[in-house]
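Subject: Structure for you to look at

Hello,

I am passing on a structure that you have not worked with before. The sequence and the coordinates come next, and my notes on them follow.

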Amino acid sequence: MPVLNVTLWEAKETMKDTLTRDEAWALIQEYGSTENHIRHMLAVEAAMRAYARYFGEDEELWGAIGLVHDFDYDRFPDEHPYAGGRILREKGYSDEIVNAVLAHGETGVPRDTRLAKALYAVDELTGLLVAVTLVRPSKDIREVELSSVRKKWKDRAFAAAVNREEIERAAEALGVELWEHVGIVLEAMKGVATEIGLDGQAGR
Ligand SMILES: [Fe+2]
Ligand SMILES: [Fe+2]
């Protein structure tokens, strides 16, 4: 089957196995994400960059996946993240990239790479950390300590929509102790406090 072999080989050659930050931004612009959602994606980007450093992985790629992961949400809320996965596939991105994006939702796509596990583990947690910051008068994430997150973690009425058990399972699957995980994501978000609107400006 020489013809088929050549076709497969060519398809592999043209497959994009990396995604740059610029490409992620271009997708966000093209599909028109809201400001709030962009802030969420920037928080996830920062957390993914931190985890790439932690694991010695490709920081540019992991950051770009974090940045892009919800780009389809505002345009296709009912098809998220399937629409995003389809668009990325059409643009020629590799299975690792497409599947990581698909696997952050409840799509049944297995989280069988460290990239996919990390994305899933940080996504929901960033929401809780935003909520913990916004109940403070200062609304400055740089003042949030792990101990205040612990307190809110136990207070199930606080940000009740955030599924603590899911975050616990996701951290375990990633192989990081829960409170180390929370610390890594919190520190990463502090590093982009201004970009994600949690530098205290909203509290003034
Ligand atoms: Fe999502
Ligand atoms: Fe998300």
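A residue is called buried here if 20 or more other C-beta atoms lie within 10 Å of its own, exposed if 12 or fewer, and partly exposed in between. Lysine 139 has 18 other C-beta atoms within 10 Å, so it is partly exposed. Please keep in mind that this is a predicted model.

Backbone points

Lysine 139 sits in the loop that links α7 to α8 (146–154). Its phi is near 50°, which is a positive value in a residue other than glycine. Alanine 159 belongs to the loop between α8 and α9, and there too phi is positive, about 40°, although the residue is not a glycine. Alanine 159 counts as partly exposed because 18 other C-beta atoms lie within 10 Å.

There is also a cis peptide bond, between histidine 80 and proline 81, with omega about 0°. Proline 81 is in the loop between α4 (59–68) and α5 (82–90). As background, most residues other than glycine have a negative phi, and most peptide bonds are trans.

Helix α7 against helix α9

Two packed helices are described by the angle between their axes and the distance between the axes. For helix α7 (residues 114–134) and helix α9 (residues 164–174), the axes come within 9 Å and cross at roughly 150°. An angle over 145 degrees counts as roughly antiparallel, and α7 is therefore roughly antiparallel to α9. The crossing of these two helices, α7 and α9, is left-handed.

On the α7 side the contact is made by Lys117, Ala118, Tyr120, Ala121, Glu124 and Leu125. They meet Glu166, Ile167, Ala170, Ala171, Ala173 and Leu174 of α9. By type, the residues of the contact of α7 with α9 are nine nonpolar, no polar and three charged.

Helix α2 against helix α4

How do the axes of helix α2 (residues 21–31) and α4 cross, and within what distance do they come? They cross at roughly 10° and come within 8 Å. Angles under 35 degrees count as roughly parallel, so α2 and α4 are roughly parallel to each other.

Arg21, Glu23, Ala24 and Leu27 in α2 face Glu60, Gly63, Ala64, Leu67 and Val68 in α4 as contact partners. The residues of this contact of α2 with α4 comprise five nonpolar, one polar and three charged.

Arginine 21, in helix α2, is one residue to look at here. Leaving aside its neighbours within four places in sequence, arginine 21 is in contact with Glu60, Gly63, Ala64 and Leu67. Arginine 21 and glycine 66 are 45 residues apart in sequence, yet their C-alpha atoms are 9.7 Å apart in space. Arginine 21 has 15 C-beta neighbours inside 10 Å and so counts as partly exposed.

The core

In soluble globular proteins, nonpolar side chains tend to be buried together. In this model the largest nonpolar core has 61 residues. Ala47, Met48, Ile65, Leu129, Val185 and Met189 are those with the most contacts inside it. The largest share of this core, twelve residues, comes from α7.

Which residues does isoleucine 65 touch, not counting residues up to four places away in sequence? They are Leu19, Met48, Ile97, Ala100, Val101, Leu115 and Leu119.

Is isoleucine 38 buried or exposed? Isoleucine 38 counts as buried because it has 20 C-beta neighbours inside 10 Å. Its place is in helix α3. Apart from neighbours within four places in sequence, isoleucine 38 is in contact with Ile28 and Ser33. From isoleucine 38 to valine 68 it is 30 residues in sequence and 9.2 Å in space, C-alpha to C-alpha.

Arginine 53 is also found in helix α3 (residues 35–55). With 13 C-beta neighbours inside 10 Å, arginine 53 counts as partly exposed. Arginine 53 and isoleucine 184 are 131 residues apart in sequence and 11 Å apart in space, C-alpha to C-alpha.

Valine 109 lies in the loop between α6 (95–103) and α7. It counts as partly exposed, with 18 C-beta neighbours inside 10 Å. Leaving aside neighbours within four places in sequence, valine 109 is in contact with Asn99, Leu102 and Ala103.

Regards

Methods:
Residues numbered from 1 in each chain as written. Chains lettered and ligands numbered in written order. Predicted model: local features only at pLDDT ≥ 70, side-chain atom pairs only at ≥ 80, totals over all residues. Axes fitted to C-alpha atoms, helices over the stretch in contact; angles between N-to-C directions. Helix = DSSP H or I, 4+ residues; strand = E, 2+ residues; numbered from the N terminus. Parallel < 35°, antiparallel > 145°, perpendicular 65-115°, else oblique. Left-handed = near helix turned anticlockwise from the far one by under 90°. Contact = placed C-beta atoms within 7 Å. Nonpolar A, V, L, I, M, F, W, Y, C, P; charged D, E, K, R; others polar. Core = buried A, V, L, I, M, F, W, Y, C linked by C-beta atoms within 7 Å.
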